[in-house]
Amino acid sequence: MEYLKPYLIAEIGCNHKGNIEIAKELIKTASIYCKADAVKFQKRCNHELLTPEQYNAPHPNPANSYGKTYGAHREFLEFTVEQHKELKEYCEQMDIVYSTSVWDLTSAKEIAGLSPQFIKIPSACNNEYKMLDWLCDNYGGEIHISLGMTTRAEEEKLVKLFEERGRNQDMVLYVCTSGYPVPFEDTCILEIKRVREAYGRKVKKIGFSGHHLGIAIDISAYTLGAFVIERHYTLDRTWKGTDHAASLEPEGIRKLKRNLMATYAALHYKEKEILDIETVQRDKLKYREH
């Protein structure tokens, strides 16, 4: 297997708390301090996604809510298309790639209009075929898709849809377990090997979207062939909100990028039997027969 250079996405999601200045600070820190390759936000049209009953129901965890109802909470955390355009331009200033997960057709159309390098489809929406059809036909960038809570039959249908549209080489599939946070035993990273063997020749890349704690699992995922690594990212894990506790702070993202690059540098065979760095040690230390 040829090991590609790791690509690290710091998923901001809604960890900006609805504040565009916090969002920009997250972008700046991800680029300058963490050296991440990309940041990713989320875009939802809440009236399209939620039934009136869901929209008007209380948040299931009131301590994390930014509104009196779940719908009001979601609206508080939502940026407009114009704000996403502003964030994309700021990413370009900060020399980091901007992207967004889209949760519905309206959001897909809005974000596609900004022409980001890639758009992400979250696990919850990877069977929203009307949205996927539209993106295949109207959006020219990469389409990244998570496979959390997805059956193998649904995986096959998904890849076949992209093959039929001639877009499978723009497709990045992420192994993912949908939980927040996910215990290590449920990350099931050998799924990377299975997905790579099943679809690695059909799609552009295999990735890993992790919701676990720490950064050890991500290195293992990379060595198994997940060359795109995505982790939730926040400035403070104690902040109010659902995703902060399962996110990495800047130091975690920075160390993860450092460790991924160190692993990338190490993943090859010896170019010759005795390396140059070993020669002096061999001359000094190697046992000689008398």
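Let me start with a definition: buried means under 20% relative accessible area, exposed means over 50%, and partly exposed is in between, using a 1.4 Å probe and protein chains only. By that rule Ser115 is exposed, with a relative accessible area of 53%.

Quick housekeeping. This is a predicted model, so local features need pLDDT of at least 70 and side-chain atom pairs count only at pLDDT 80 or more, while totals for chains, interfaces and linings use all residues. Residues are numbered from 1 along each chain as its sequence is written, and side-chain values use heavy atoms, with hydrogens and water left out.

Okay, the overall layout. When I say helix or strand, I mean a DSSP run (H or I, at least four residues, for helices; E, at least two, for strands), numbered from the N terminus. Strands pair if DSSP finds at least two bridges between them. So what do the eight strands form? They make a closed barrel, running E1-E2-E3-E4-E5-E6-E7-E8 with parallel pairing. From one strand to the next, the twist averages 25°. For angles, the axes are lines fitted to C-alpha atoms, for helices over the stretch in contact, and values run from 0 to 180 degrees between N-to-C directions.

Let's zoom in on one pair. Strand E4 (residues 118-121) and strand E5 (residues 142-146) run parallel and are joined by four bridges. Lys120 stands opposite His144 in E5. Helix H7 (residues 129-138) packs on the sheet there, touching strand E3 (97-102), E4 and E5, and its direction makes about 165° with that of E4. Contact, by the way, means heavy atoms within 4.5 Å.

Now the inside. A nonpolar core is a set of buried Ala, Val, Leu, Ile, Met, Phe, Trp, Tyr and Cys residues joined through side-chain atoms within 4.5 Å. Which residues have the most contacts inside the largest one? Those are Ile27, Ile121 and Leu173, in a core of 66 residues. Helix H1 (residues 20-32) gives the most to this core, six residues. There's also a second, separate core of eight residues, and Tyr7, Ala38, Tyr174 and Val228 are among them. Back to Ile121: leaving out residues up to four places away in sequence, its contacts include Val102, Met131, Leu135 and His144.

H10 lies across strand E7 (205-210) and strand E8 (228-232), running at about 160° to E8. Its buried residues are Ile217, Asp218, Ile219, Ala221 and Tyr222. They pack against helix H9 (191-199), E7, E8 and helix H11 (250-266). Just after H10, Gly225 takes a positive phi of about 115°.

On a 1 Å grid over the protein atoms alone, a cavity is a set of points where a 1.4 Å probe fits but cannot get out; a pocket is an open set with protein on both sides within 12 Å along at least five of seven lines; and lining residues have an atom within 4 Å of a point. Grid points are joined across faces, edges and corners, and a volume is the space filled by probe spheres set on the points.

The largest pocket has a volume of about 690 Å³. It's lined by 38 residues, and the closest to its centre are Gln42, Arg44, Trp103, Tyr180 and Asp243. Helix H4 (70-76) gives the largest share of that lining, three residues.

How many cavities of 30 Å³ or more are there? The count comes to two. The largest cavity has a volume of about 50 Å³, and E7 gives the most to its lining, with three residues. Ser209 is one of the lining residues, and it lies in strand E7. Is Ser209 buried or exposed? Ser209 is buried, because its relative accessible area is 4%.

Most residues other than glycine have a negative phi, and most peptide bonds are trans. Here, though, a cis peptide bond joins Tyr180 and Pro181, with omega about -10°. Pro181 lies in the loop between strand E6 (171-176) and H9. Asp95 has a positive phi of about 60° although it is not a glycine; Asp95 sits in the loop between helix H5 (81-93) and E3. Ser115, where we began, has a positive phi too, near 55°, and lies in the loop between helix H6 (105-112) and E4.
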